[in-house]
Amino acid sequence: MIRIVIIVFLIAIIFYTISTYNRFQVLKNGAEATLGQIKVALKKRLDMISQLVNTVKSHAKFEKETFEKVAALRSGITKAETPEEISEIEKETRKLMGVINVAVESYPELKTSSIVLELTQAIQDMENEIARHRYTYNNIVQEMNTKIDMFPSNLVASMFGFKKLSYLEFGEDINKTPDTTW
């Protein structure tokens with residue numbers, strides 16, 4: 001009878017270890033996939049900002065630095081791998097939108113241009129998509145980090161080398177949507 005209890009106990013431990021390991025893998029892959037979706041959305045937003053700059057440049061004088069900044073951010077998003085690098089690109093993009101907003105505000109005809117209005121609406125939509133992906137990513141990170149902290153899943157995490165993930169934080173500016181109204 002004791003052998004049967006020991007065998008059932010070992011089978012339960014093996015089953016728990018396998019299922020916990022698989023859950024960690026699902027969370028890790030989910031975090032990586034969501035981070036990839038955020039990068040794609042950020043790149044799309046930068047593409048739209050680039051189109052907006054090209055539309056507005058016929059009316060407003062942009063410094064060469066603005067064009068170079070858009071190009072650098074677009075290139076940087078493909079190289080970004082950590083949440084911290086992505087957060088920095090997000091922060092720089094918000095600053096860039098501020099520069100564009102100032103330029104558009106100076107030209108009343110731009111405020112009513114259908115192309116400018118469509119592009120700003122598309123940028124707003126992309127902002128919402130980024131926020132949804134960020135929310136999903138941070139929920140995955142929270143579950144993964146909680147499992148790593150809790151017993152007995154922390155034993156499985158340390159046995160297979162799973163580490164805590166960093167949250168994707170966009171700083172204080174994330175609480176307000178980039179101003180694309182004029």
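Start by selecting Tyr21, Phe24, Phe160 and Phe162: ring pairs link these residues into a cluster. The model you are looking at is predicted. Three aromatic pairs are present in the structure. The rings of Phe24 and Phe162 count as stacked, because their centres are 4.8 Å apart and their planes stand at 25°, and a stacked pair needs planes under 30 degrees apart. This pair links distant parts of the chain: Phe24 belongs to helix 1, residues 2-56, while Phe162 sits in the segment after helix 6, and 138 residues separate them. Color the two by accessibility and both Phe24 and Phe162 come out as buried.

Now zoom out and show the whole chain as a cartoon. How many helices and strands does the chain have? There are six helices and zero strands, so the cartoon should be read with the DSSP runs in mind, numbered from the N terminus. Along the sequence the pattern is α-α-α-α-α-α. Turn the model along its principal axes: the C-alpha atoms fill a box of roughly 85 × 25 × 20 Å. The radius of gyration of the chain is 23 Å, whereas a compact globule of 182 residues would have one near 16 Å.

The accessible surface of the chain is about 10900 Å², and carbon and sulfur atoms account for 59% of that. Of the 182 residues, 36% count as buried. If you display contacts with a separation of 6 or more, 82% of them are between residues 24 or more positions apart.

Go back to helix 1 and select Ser50, which lies in this helix. Is Ser50 buried or exposed? Ser50 is buried, because its relative accessible area is 17% and the cut-off for buried is under 20%. Leaving out residues up to four places away in sequence, Ser50 touches Val70 and Arg74.

Val40 and Ile148 are 108 residues apart in sequence, and their C-alpha atoms are 29 Å apart in space.

Move on to helix 3, residues 83-105, where Glu92 is found. Glu92 counts as buried, because its relative accessibility is 14%. Show its neighbours: not counting residues up to four places away in sequence, Glu92 touches Lys69 and Leu73.

Next, select Phe151 and Pro152 and look at the backbone between them. What kind of peptide bond joins Phe151 and Pro152? The bond is cis, with omega at about 5°. Pro152 is in the loop between helix 5, residues 114-149, and helix 6.

The last stop is helix 6, where Leu155 lies. Leu155 is partly exposed, because its relative accessible area is 44%. Draw a distance from Leu155 to Ile18 to finish: the two are 137 residues apart along the chain, and their C-alpha atoms are separated by 12 Å.

Conventions:
Residues numbered from 1 in each chain as written. Predicted model: local features only at pLDDT ≥ 70, side-chain atom pairs only at ≥ 80, totals over all residues. Heavy atoms only, no water. Helix = DSSP H or I, 4+ residues; strand = E, 2+ residues; numbered from the N terminus. Rg over C-alpha atoms; globule rule 2.2 N^0.38 Å. Buried < 20%, exposed > 50% of the residue type's maximum accessible area, 1.4 Å probe, protein only. Contact = heavy atoms within 4.5 Å. Areas by Shrake-Rupley, 256 points an atom, 1.4 Å probe, with all protein chains shown as cover. Phe/Tyr/Trp six-rings, centres within 6.5 Å; stacked < 30°, edge-to-face > 60°.
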